[in-house]
Amino acid sequence: MRKYGNKMNYLEFRDEFFEIGCFNTHQVYAAHPEFDKNNLTRWTKQRLLIKLRQGYYAFPEYLSHRDFSLYISNRIYKPSYISLHTALAFYGMIPEAVVQITAVSSLKTTEFDNDFGTYSYKKMREDLIFGYDLKPFGERTIKFATPEKALLDLLYLYPFYNTPEEMEELRLDEDYMQDDLNIEQLTEYSEKFGSKALDKRMKIMMNTYGL
């Protein structure tokens, strides 16, 4: 049983775990019960590993991989899926670039900072964790809200969007809203929320953008 006690054995460790992309200590100990956790601390200080949050790591080579930062979001806080501002920007529904990677989860609201970015998670009722696709990412997938669900998640979790003026501040792309938004799916999803406040905000949004 290898314990990976020196830098040469780091290369063996890297060969074994690199393709996983983002891994946690449970995976390491499952493969190597006698693994010395001090190695992870040392390799992180040496910049051979990047700590994503407690117990989760990635290799620095992935910093240059496009969309890997999105893939990490699902992995380091489960269950969760990317939604809200990140999803709206991804679909071109809002104009500005989003600094944080935003997601929703049935777990508590929290935030993590690491070399890949800032990860913000908003708590959602467990029965409202739906309305996402599995977008391909190489041989992996990323859980990503549909445009309609991302919009509803935003209106549900950010109650200050309750006037036409505030709705205009969202600067939703009018062409997308008119041509690409699936109103039938939006209505179907909104009914599952069972929220009169959300229904009111959705009507304000639809009137504001002429839907």
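Helix α4 is mostly covered, with eight of its nine residues buried, where buried denotes under 20% relative accessible area, exposed over 50% and partly exposed the range in between, for a 1.4 Å probe and protein chains only. The buried positions of α4 are Phe-68, Leu-70, Tyr-71, Ile-72, Ser-73, Asn-74, Arg-75 and Ile-76. The structure is a predicted model, in which local features require pLDDT of at least 70 and side-chain atom pairs count only at pLDDT 80 or more, whereas totals for chains, interfaces and linings use all residues. Residues are numbered from 1 along each chain as its sequence is written, and side-chain values use heavy atoms, with hydrogens and water left out.

Helix α4 (residues 68-76) lies across β1, β2 and β3 and runs at about 25° to β1; axes are lines fitted to C-alpha atoms, for helices over the stretch in contact (heavy atoms within 4.5 Å), and angles run from 0 to 180 degrees between N-to-C directions. Helices (H or I, at least four residues) and strands (E, at least two) are DSSP runs numbered from the N terminus. The three strands form an open sheet in the order β1-β3-β2 with antiparallel pairing, two strands being regarded as paired if DSSP finds at least two bridges between them. The edge strands are β1 (22-24) and β2 (50-53), each of which pairs on one side only, and neighbouring strands of this sheet are turned by 35° against each other on average, direction ignored. Between β1 and β3 (residues 56-58), the antiparallel pairing extends over three bridges, and Asn-24 stands opposite Tyr-56 in β3.

Tyr-158 is found in the loop between α6 (147-157) and α7 (164-169) and is buried, with a relative accessible area of 16%. When residues up to four places away in sequence are not counted, Tyr-158 touches Leu-84, His-85 and Lys-122. The C-alpha atoms of Tyr-158 and Gly-92, which lie 66 residues apart along the chain, are separated by 20 Å.

For the protein as a whole, ten helices and nine strands are assigned, and the C-alpha trace spans about 65 × 30 × 30 Å along its principal axes. Buried residues make up 48% of the 211 residues, and among contacts with a separation of 6 or more, 64% are accounted for by residues 24 or more positions apart. The protein exposes about 11200 Å², of which carbon and sulfur atoms supply 47%, as computed by the Shrake-Rupley method with a 1.4 Å probe.
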